[in-house]
Amino acid sequence: MKRLAAWAALAFGALYFLLPLMGMTEFSLKMRRGVYSLDAYARVLADPKFQETFSYSVIMAVFTILFGVLLVVPTAYWVRLKLPRARPYVEFVTLLPLVIPAIVVVFGYIRLYNTSSWLPLTGTATGTNILLMFGYATLSLPYMYRAVDTGLRTIDVTTLTEAAQSLGAGWATILGRLILPNVLVAVLSGAFVTLAIVIGEFTMAALLNRPAFGPYMQLLGANRAYEPAALAVIAFAITWGCMGLIQLVARLAPKPATPVKD
Amino acid sequence: MTSQPSPDIKTPRPVPLKEKLPLHWLGLVPFAVFVALFLLAPTMYIVVGAFRTIDGSFTFDNVIGLNTASIRSAYWISIKISLASASLGCLVGFCMAAAMTLGGLPKVIRGPLLTFSGVASNFAGVPLAFAFLATLGPIGLVTVFLKTNLGIDLRLLGFNILSFWGLTITYLFFQIPLMILIITPALDGLKREWREAAEILGASGPQYWRMVAFPILFPAILGTMALLFANSFGAVATAIALTGSSLNIVPILLFAQIRGDVLGDPHLGYALAFGMIVVTGIANAIYIVLRARSERWQK
């Protein structure tokens with residue numbers, strides 16, 4: 001009886017999740033009348049706008065990840081090493097992007113950094129790109145910080161730091177050649193979540209008027225029938241790929257080096 | 001506020017006075033500056049703007065100005081959709097997680113289901129809308145199947161993907177997996193001893209659930225529900241890709257206002273955004289308080 005109910009719950013859930021995935025896949029194959037074909041994919045992939053916006057978003061993701069790592073790893077390390085009492089506050093701040101809707105944050109950007117402000121970032125394309133990257137960095141902050149902080153928990157930060165210092169290492173050496181390699185798995189999992197977020201992000205890019213992949217998908221959806229379904233399949237594959245890579249990295253990576261204690 | 005000076009604690013050896021100077025907080029400056037400039041200041045600007053007139057003096061008029069029929073109904077529909085998708089997401093997610101952890105299903109289901117939940121909870125926004133249009137839209141897979149094979153016309157039954165229920169069903173695609181991911185650890189934390197103790201004292205299955213398990217899980221469930229509520233209340237991309245601007249909900253209204261000042265008053269836009277922060281803020285405050293309570297049982 002209990003097992004039957006359990007199977008029923010699972011089957012219901014599976015049906016709900018599989019139908020849309022089947023729906024979009026089937027629809028994406030129906031562009032040619034009467035037979036299944038990959039025409040919609042060919043059309044999407046050949047679209048120069050697709051290539052432009054997709055590479056734009058990938059490049060933005062790479063910069064966001066680099067910036068995020070440079071910001072989060074030293075901060076999380078420093079908080080663990082020297083300011084354990086500040087930890088709850090820092091953690092609280094990193095969770096704020098889950099509370100404040102992205103649309104509100106970007107609304108603030110538009111008003112605060114417009115051409116007549118003290119920091120006119122939206123005045124130039126480069127400035128707007130940088131602003132968008134900062135926006136993406138705030139969106140990924142909760143995931144990046146948590147990942148790195150969890151990674152730092154598995155190593156003995158204090159002992160490693162003291163050992164490095166007594167061998168004459170400076171802060172840059174400690175962070176770049178000691179801490180970062182030790183939390184690389186955590187950093188990578190944060191990076192893949194960031195990649196998944198940035199590639200599909202719509203609100204910030206659309207309101208800052210940047211040619212990103214999210215607004216492109218929305219525009220195509222408003223004007224075409226079959227190509228959006230193909231895009232949805234591609235986007236799902238990317239999300240799946242990012243999450244799969246997280247698991248793969250976690251499984252394949254060597255265990256973090258434990259400090260020698262004798 | 002994160003950078004309050006705090007001297008290094010727990011240093012057993014005596015340190016020279018020079019090292020005691022509280023300069024450690026300097027390491028937090030880059031992070032604090034970034035957060036202040038690109039998260040807190042923009043939000044504060046909106047909040048303050050909601051209480052200012054165009055010439056800068058203090059006023060409640062903007063917030064009072066929200067009280068028009070169309071904005072009221074936008075908030076109401078948004079809250080209804082968020083409530084519906086959060087409670088259904090909780091219910092279905094709970095059932096699936098309970099089936100997986102306690103239902104006696106084969107162990108091999110667990111790994112794939114949790115991985116899939118991780119993927120599906122991140123599969124939101126524009127592509128998700130496309131997937132549901134291709135499934136439940138006018139010529140979607142399910143719509144056509146029901147019509148040609150079973151003679152059920154969803155449209156005649158009053159179902160439309162561009163509606164309250166359409167949006168709710170779509171949001172469930174990321175709500176249910178999120179519930180599964182959050183509630184599974186809580187279900188794993190239910191100790192076998194509690195069940196055995198209840199049974200020895202003569203409790204039936206339903207009695208155990210009603211009087212032991214459910215009260216323990218209640219804060220976790222309610223807290224997750226608050227998180228799911230905030231999650232769908234702030235969702236912009238899915239709604240816009242699914243309905244264009246045909247559904248009058250707060251995120252779409254605010255999006256249109258930022259794009260082209262549809263309300264005719266920029267400060268009303270601030271008030272609209274401020275309202276969103278208030279609603280998601282309340283929901284998240286509930287989540288944080290209840291999560292702290294629920295974690296007591298997981299030790």
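**Two chains in contact: a predicted model**

In this predicted model, the contact draws 64 residues from chain A and 63 residues from chain B.

Student: Which helix gives the most to the side of chain A that touches chain B?

Tutor: The side of chain A that touches chain B divides into 46 nonpolar, 12 polar and six charged residues. With 17 residues, the element of chain A that gives the most to this side is helix α1 (residues 2-28).

Student: Which residues touch the most other members of the largest nonpolar core?

Tutor: This core holds 168 residues. Helix α6 (residues 125-153) of chain A gives the most to this core, with 14 residues. The residues that touch the most other members are A:Val148, A:Ala229 and B:Phe130.

Student: Which residue of chain B does B:Phe130 touch, not counting residues up to four places away in sequence?

Tutor: B:Phe130 touches residues of chain A, including A:Met24, A:Gly221 and A:Pro228. From chain B, the list names B:Ala241.

Student: What is the radius of gyration of chain B, and why is chain B described as more spread out than a compact globule?

Tutor: Chain B has 12 helices and zero strands. For 299 residues the globule rule gives 19 Å, and chain B lies well over that, so it is more spread out than a compact globule. Its C-alpha atoms fill a box of roughly 85 × 65 × 30 Å along the principal axes. The radius of gyration is 25 Å.

Student: Where in chain B is confidence lowest?

Tutor: Chain B averages a pLDDT of 83. Helix α1 (residues 29-49) of chain B has the highest confidence, at 93. The lowest, at a mean of 82, is in helix α2 (residues 61-65) of chain B.

Note on methods: Residues numbered from 1 in each chain as written. Chains lettered and ligands numbered in written order. Predicted model: local features only at pLDDT ≥ 70, side-chain atom pairs only at ≥ 80, totals over all residues. pLDDT = per-residue confidence, 0-100. Helix = DSSP H or I, 4+ residues; strand = E, 2+ residues; numbered from the N terminus. Contact = placed C-beta atoms within 7 Å. Nonpolar A, V, L, I, M, F, W, Y, C, P; charged D, E, K, R; others polar. Core = buried A, V, L, I, M, F, W, Y, C linked by C-beta atoms within 7 Å. Buried ≥ 20, exposed ≤ 12 C-beta atoms within 10 Å, placed from the backbone. Rg over C-alpha atoms; globule rule 2.2 N^0.38 Å.
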